[in-house]
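I opened the model and kept notes on what I looked up. The entries follow in the order in which I made them.

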Amino acid sequence: QVQLVESGGGLVQAGGSLRLSCAASGGVLSRYAMGWFHQAPGKEREFVAAITWSGGGTYYADSVKGRFTISRDNAKKTVYLQMNSLKPEDTAVYYCAANRVGVPSGSRLYNWREYDYWGQGTQVTVSS
């Protein structure tokens, strides 16, 4: 069983930056692909970014390409999401998730329902 804990959220002005971290315990993180999703009030959970087990593949939603960077340190069992040039529409609860498929493809990569373990989420608020 994998436990995930997110941190690093907060309040930031538009154009600012935040770095989210997701610390894992209870499993072998290096075997799993990892993803970040966000959910705004009244909306469905949406894909933000994902990274394969080795870090060799990274994937992003069109809305964050060029602004967000996902990375991982398997030795530290931690996944990161560097968020730059933040916009008010980025405001949401951000969740990290683990996928038992190390190199997922298609819906297995982008669909939140295909992920197996979840953190509790961290709030990101971007003011205009």
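Entry, contacts of Gln 13. I listed the residues that Gln 13 touches, leaving out those up to four places away in sequence, and got Val 126 and Ser 127. Contact here means heavy atoms within 4.5 Å. I then placed Gln 13 in strand β2, residues 10-13. Strands, as I use them, are DSSP runs of E with at least two residues, and helices are runs of H or I with at least four, numbered from the N terminus. Gln 13 counts as exposed because its relative accessibility is 60%. The classes are buried for under 20% relative accessible area, exposed for over 50% and partly exposed in between, with a 1.4 Å probe and protein chains only. I also took the C-alpha separation of Gln 13 and Gly 26, and it is 36 Å for 13 residues along the chain.

Entry, ground rules. The model is predicted, so I noted that local features need pLDDT of at least 70 and side-chain atom pairs count only at pLDDT 80 or more, while totals for chains, interfaces and linings use all residues. Residues are numbered from 1 along each chain as its sequence is written, and side-chain values use heavy atoms, with hydrogens and water left out.

Entry, disulfide. I searched for pairs of cysteine sulfur atoms within 2.5 Å, which is the rule for a disulfide. The count came to 1. Cys 22 is joined to Cys 96, with an S to S distance of 1.9 Å. The link of Cys 22 and Cys 96 is right-handed, with 45° about the S-S bond. This pair links distant parts of the chain, 74 residues apart: Cys 22 lies in strand β3 (residues 18-25) and Cys 96 in strand β9 (residues 92-99). I found both Cys 22 and Cys 96 buried.

Entry, strand β1. In a regular strand the side chains alternate between the two faces of the sheet. β1 and β3 run antiparallel and are joined by 5 bridges; two strands pair if DSSP finds at least two bridges between them. I looked up the partner of Gln 3 in β3, and it is Ser 25.

Entry, positive phi. Which phi value does Lys 77 have? It is near 55°, positive in a residue other than glycine. Lys 77 sits in the loop between β7 (68-73) and β8 (78-83). Lys 77 is partly exposed because its relative accessible area is 33%. I noted Ser 85 too, a residue other than glycine with a positive phi near 50°. Ser 85 is in the loop between β8 and β9. At 42% relative accessibility, Ser 85 is therefore partly exposed. Apart from neighbours within four places in sequence, Ser 85 is in contact with Gly 15, Gly 16, Ser 17, Arg 67 and Asp 90.
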